[in-house]
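Visitor: I'd like to learn how to read aromatic ring pairs in a structure. Could you walk me through it?

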Amino acid sequence: MSHARKEYKDFMSLTPDAYEAVLALSQVAGKAGIDKQLLELIKLRASQINGCAFCVQYHILEGEKLGVPTDKLNLVVVWREAPQFSQQERAALAWTEALTLLSDGVSDEVYAEASSEFSEKELAYLTSAVASINVWNRFGAAFRWTPPTRKQSVGAAAS
């Protein structure tokens, strides 16, 4: 028996306009040329912080499909202690954490680090990706969407 209150597919059918709006926002960073592997890492990290099992599993599976090394997927939760991450990935992950844990604010240091690795436009698109995954996380955690399995496809699914 599922512990889900509602499933992902229910969200798609109950609120197609909200689904389409969140999906559109979640796709703009990738369409703007932000590295898709990097986007999966930040989406995974925000989902871990927010406790959204559906999104954690979804972005692990998407990361695998895109060729993100398994070590990075496994270690994103402790990225500060893991040598596998580039300076740009570290800046993006720090930016993601600051925006996900917004009550702590975004420090000048985190902003400077992110600004040194990304152009203003890239940072704005990166911010849109962090914003969108935080929206998906709110739905997934609130309704306890059942995480996808490796052999199950979730279609267009959460980004």
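This is a predicted model: local features need pLDDT of at least 70, side-chain atom pairs count only at pLDDT 80 or more; totals for chains, interfaces and linings use all residues.

Visitor: What describes a pair of aromatic rings?

Guide: Two things: the distance of the centres and the angle of the planes. By the pairing rule used here, the count comes to 13 aromatic pairs. Tyr19 and Trp136 make one that is edge-to-face, with 5.9 Å centre to centre and 70° between the planes. Tyr19 sits in helix 2 (residues 16-31) and Trp136 in helix 8 (residues 120-143), so this pair ties together parts 117 residues apart in sequence.

Visitor: How are the rings of Phe54 and Trp145 arranged?

Guide: Their centres are 5.3 Å apart and their planes stand at 80°, so that pair is edge-to-face. It also links distant parts of the chain: Phe54 is in helix 4 (residues 53-65), while Trp145 is in the segment after helix 8, 91 residues away. Both Phe54 and Trp145 are buried.

Visitor: Which residues do ring pairs link into a cluster?

Guide: Tyr8, Phe11, Tyr19, Phe54, Tyr58, Trp136, Phe139 and Trp145.

Visitor: Now the whole fold. How many helices and strands does the protein have?

Guide: Eight helices and zero strands. The radius of gyration is 15 Å, close to the 15 Å from the globule rule for 159 residues, so the protein is as compact as a globular protein of that length. Buried residues make up 43% of the 159.

Terms used: Residues are numbered from 1 along each chain as its sequence is written. Side-chain values use heavy atoms; hydrogens and water are left out. Helices (H or I, at least four residues) and strands (E, at least two) are DSSP runs, numbered from the N terminus. The radius of gyration is taken over C-alpha atoms; the globule rule is 2.2 Å times the number of residues to the power 0.38. Buried means under 20% relative accessible area, exposed over 50%, partly exposed in between (1.4 Å probe, protein chains only). Rings of Phe, Tyr and Trp (its six-membered ring) pair if their centres lie within 6.5 Å; planes under 30 degrees apart count as stacked, over 60 as edge-to-face and the rest as tilted.
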